[in-house]
Amino acid sequence: MQNIILDNLNTVVMVLDREFRVITLNPAAETLLDTSLKRILNQPVTMVIPEENFKADLDRSLAQHQQFTRRETDFPINGEMINVDYSISPITCGEARLLLEINPRDRVQKITREESQIAKQETSRILVRGLAHEVKNPLGGIRGAAQLLARELDDQGLKEFTGIIIQEADRLRDLVDQMLGPLQPPKMEGLSIHEVLERVMQLINAETGGELKLKRDYDPSIPDIPGDFERLIQAILNLVRNAMQAIDQAMPRSEGLITLRTRIARQFTIGTERRRLVCHLSIIDNGPGIPPDLIDNIFYPMISGRADGTGLGLPMAQSIISLHQGLVECESKPGETIFNVFLPITREPLSLDISQE
């Protein structure tokens, strides 16, 4: 029972000996430190958290046999600064001397942002679908009237104009169909995310004649995930094409590089649901980056950084990922844009109380 509770805590828990070497840690700690118990066992915790105040607090807690707590402290972990609260408690159990608890504040703030983003995107999707239905109905009438008019006309010059009306009505209908997105629920079955990525690579290689460099960085230990094979191909293909088009705007295609990377994320929260294991897919390109004024809105329909873009590829990808109970995020800077896709490995989420994270 104790192991089950420890493994499912969102709080990072580590047990240290008198030399501050790691005796044990829980999965939340492995996720935060991006390591495993096997790799860090018997290693000084200060090796992975090299922070001066933290080291001083460890010394004081051990020497004075007293608990110390710090709020909103920046920890340098794996080259990144992470804002955390932490507590150090003295214990005596075998070789164990200190109990370390860490609560990453960044994750709570990120969950709040994600919930807000998901709610806004859902509202936008409802509005767009309603508008699309209203536009689609009169389009059929316009097309039908143009066809009837064409039959009554003898002048070929005038028939050319009715042909234009029909073609434009068809173009708008196709655009509206893209805005509506898939109407049927996904056909969920166990599949390999790497098979999906390989198919996407084949399609991009065929489209570019092999001119664009594609790099694989796979974690072969990722198990099958529940998903709709064809729709996941469409979603990821849209994301990769977006990266390819960004590269085309900034440099010769032969200088472009897109990396497809897969990893496992543990104890990861998607919206309000916490998952024990999540497939983390990153699509990384070396293009010019997304302008700061667009980065917060790129998943909304009709938002595009390209003059010839429809602004529907990314919203469609986001919609498909959402149907898989997943999440897609974007971070960008000049020379590097990363689309992060998180897909549940198991269908059933764990219970979650965000107030405790």
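**View 1. Cysteine residues of the predicted model.** Cys 330 has a relative accessibility of 19% and therefore counts as buried, where buried denotes under 20% relative accessible area, exposed over 50% and partly exposed the range in between, with a 1.4 Å probe and protein chains only. Cys 279, at 0% relative accessibility, is likewise classed as buried. The structure contains zero disulfides, a disulfide being a pair of cysteine sulfur atoms within 2.5 Å. Because the model is predicted, local features need pLDDT of at least 70 and side-chain atom pairs count only at pLDDT 80 or more, whereas totals for chains, interfaces and linings use all residues. Residues are numbered from 1 along each chain as its sequence is written, and side-chain values use heavy atoms, with hydrogens and water left out.

View 2. Val 341 belongs to strand E12, residues 336-344; helices (H or I, at least four residues) and strands (E, at least two) are DSSP runs numbered from the N terminus. The relative accessible area of Val 341 is 0%, so this residue is buried. Setting aside residues up to four places away in sequence, Val 341 touches Leu 239, Cys 279, His 280, Leu 281, Ile 321, Leu 327 and Val 328, contact meaning heavy atoms within 4.5 Å. Leu 327 lies 14 residues from Val 341 along the chain, and their C-alpha atoms are separated by 5.8 Å.

**View 3. The mixed sheet containing E12.** An open sheet is formed by five strands in the order E7-E9-E10-E12-E11, with mixed pairing; two strands pair if DSSP finds at least two bridges between them. Strand E7 (213-217) and E11 stand at the edges with a single partner strand each, so one side of each has no neighbour in the sheet. From one strand to the next, the twist averages 25 degrees; axes are lines fitted to C-alpha atoms, for helices over the stretch in contact, and angles run from 0 to 180 degrees between N-to-C directions. Eight bridges connect E10 and E12 in the antiparallel sense, and Val 278 stands opposite Pro 344 in E12. H9 packs on the sheet through contacts with E11 and E12, its direction making about 25 degrees with that of E12.

**View 4. The largest nonpolar core.** Of the 43 residues in the largest nonpolar core, Ile 193, Ile 236, Ile 258, Ile 283 and Phe 339 touch the most other members. Such a core is a set of buried Ala, Val, Leu, Ile, Met, Phe, Trp, Tyr and Cys residues joined through side-chain atoms within 4.5 Å. Elements that each supply at least two residues of this core include helix H7 (193-208), strand E9 (257-270) and strand E10 (273-285). H8 provides the largest share, eleven residues. Beyond its neighbours within four places in sequence, Ile 193 is in contact with Ile 222, Ile 225, Ile 236, Thr 262, Cys 279 and Leu 343. A second, separate core of 24 residues includes Val 22, Leu 25, Ile 49 and Ile 77.

View 5. Five strands in the order E2-E1-E5-E4-E3 form an open sheet with antiparallel pairing. Strand E2 (22-25) and strand E3 (68-77) are at the edges; each has a single partner strand, so one side of each is left without a neighbour in the sheet. The twist averages 30 degrees from one strand to the next. Strand E1 (residues 12-16) is joined to strand E5 (residues 96-104) by five bridges, the two running antiparallel, and Leu 98 in E5 is the bridge partner of Leu 16. Helix H4 (residues 52-64) packs on the sheet, where it touches E1, E3, strand E4 (80-93) and E5, and its direction makes about 15 degrees with that of E4.
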